[in-house]
Amino acid sequence: MQTKLSRGKFENLQKLADDEGTLTILGLDQRKSFQKAMAQAQEQTGNQFNEKKCYEFKQLVSEYLSPFASGVLLDQELGTEAMKTKTAQAGLITAYDCSEPDNSKNTHFPRLLSNLSLNRLAHTSTNGVKVRIAYNPHGDAQINDQKQAFLERVGAEALAADLPLFIEPVVYDDTIIDRKSAEFAKIRPMLIIDTLKELTKSRYHIDILQIETPIDFNFVDGFTDSEITSVYSKREAAKLFKEASDITTRPFLYESGPESIETFMAAVKFAGQSGAKFAGILAGQSLWQEAIHTYATSDEQGLKTWLETTGKTNLTALNDILENYATPWYDRFGGKKSLDIFDNPIEL
């Protein structure tokens with residue numbers, strides 16, 4: 001059975017992938033959390049927060065690391081100049097969501113930027129759009145129904161705009177608030193698996209899912225720190241990685257978060273060895289968080305040196321892992337020959 005995909009989406013996904021059809025996305029769309037981290041680093045060095053440093057940081061990271069990525073994820077609030085410094089060979093994904101959800105009623109409801117539409121983004125150089133959504137598959141049914149309707153609207157808008165839609169579901173629990181705790185690590189796999197069961201349904205028109213690794217690798221036997229008690233054995237972790245991969249009907253990327261880059265690398269490699277079929281990675285906070293302090297203490301030249309050495313080394317190491325374990329994004333649909341490419345009749 002063939003999968004229908006518009007020509008615009010297909011060509012843009014190919015632009016965001018490497019020659020093998022896999023994606024290495026440099027994630028630089030953080031805003032509020034990034035500004036907070038930059039402010040803390042500057043204050044620790046005795047300086048006042050200077051927002052200009054946020055723009056400059058993204059520009060330099062984009063310039064120096066995008067040559068080793070197939071695409072870059074950026075925002076239009078702090079990242080417009082970084083869009084200009086990325087290499088032309090790397091595709092561009094633009095964040096369509098606000099950095100902070102609407103949590104006035106404790107719903108973590110997603111919000112879109114009020115000055116953007118996919119109609120407008122379709123007339124820019126972007127090759128895809130990203131929306132982040134906090135999701136608890138075991139939470140209040142009415143809240144989830146509203147979030148599902150939201151995703152259906154965004155999916156329909158992306159269809160009309162002929163732009164690939166990247167959805168970043170971040171799972172949470174209504175009672176266990178600390179996402180770094182052992183208690184949350186125990187429920188994280190099923191939260192992610194059950195979220196994937198829902199969001200891979202065709203009615204959402206999601207093209208790529210950006211997911212957290214199903215297992216918090218800080219709690220896997222053999223990978224934990226000496227003072228931490230493991231929650232999962234390697235065999236249990238492997239089974240859950242495979243289960244999460246098998247449940248999806250859409251290509252997905254593993255997304256790095258606040259964990260160390262070494263932990264993220266270990267998790268991605270382990271996923272591949274466990275038989276998980278992922279289309280690539282989004283290397284975000286864990287890749288460059290160390291560089292924020294470097295930039296605050298040694299300014300532009302120090303950051304450039306870090307990017308040319310540590311940053312490049314870590315990103316190329318991730319690429320080596322993908323070369324061995326990642327699969328082309330179109331393999332999830334049975335390969336290129338199983339794609340029914342059509343021309344979008346809508347002209348925006």
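Visitor: How many cavities of 30 Å³ or more does a search of the whole structure find?

Guide: Rolling a probe the size of a water molecule over the atoms shows where empty space is left. On a 1 Å grid over the protein atoms alone, a cavity is a set of points where a 1.4 Å probe fits but cannot get out, a pocket is an open set with protein on both sides within 12 Å along at least five of seven lines, and lining residues have an atom within 4 Å of a point. Here the search finds 2 cavities of 30 Å³ or more. This is a predicted model, in which local features need pLDDT of at least 70 and side-chain atom pairs count only at pLDDT 80 or more, while totals for chains, interfaces and linings use all residues. Residues are numbered from 1 along each chain as its sequence is written, and side-chain values use heavy atoms, with hydrogens and water left out.

Visitor: What volume does the largest cavity have, and which residues line it?

Guide: A volume is the space filled by probe spheres set on the grid points, which are joined across faces, edges and corners. For the largest cavity this comes to about 70 Å³, and its lining includes Asp-97, Cys-98, His-108 and Arg-132.

Visitor: Which residues line the second largest cavity?

Guide: Its space of about 40 Å³ is lined by Pro-169, Val-171, Ile-192, Thr-195, Leu-196, Ile-211 and Glu-212. Two elements, β6 (165-171) and α7 (182-199), each give two or more residues to this lining, where helices (H or I, at least four residues) and strands (E, at least two) are DSSP runs numbered from the N terminus. The largest share, 3 residues, comes from α7.

Visitor: And where is Thr-248 placed, and why does it count as buried?

Guide: Thr-248 sits in the loop between α8 (234-247) and β8 (252-255). Buried means under 20% relative accessible area, exposed over 50%, and partly exposed in between (1.4 Å probe, protein chains only). Thr-248 counts as buried because its relative accessibility is 5%. Its side chain makes a polar contact with the side chain of Arg-332 at 3.1 Å, a polar contact being a pair of N or O atoms within 3.5 Å, of which, within protein, one must be able to donate a hydrogen and the other to accept it, and residues adjacent in sequence count only if both atoms are side-chain atoms. The side chain of Thr-248 also reaches the backbone oxygen of Ser-245 at 2.8 Å.
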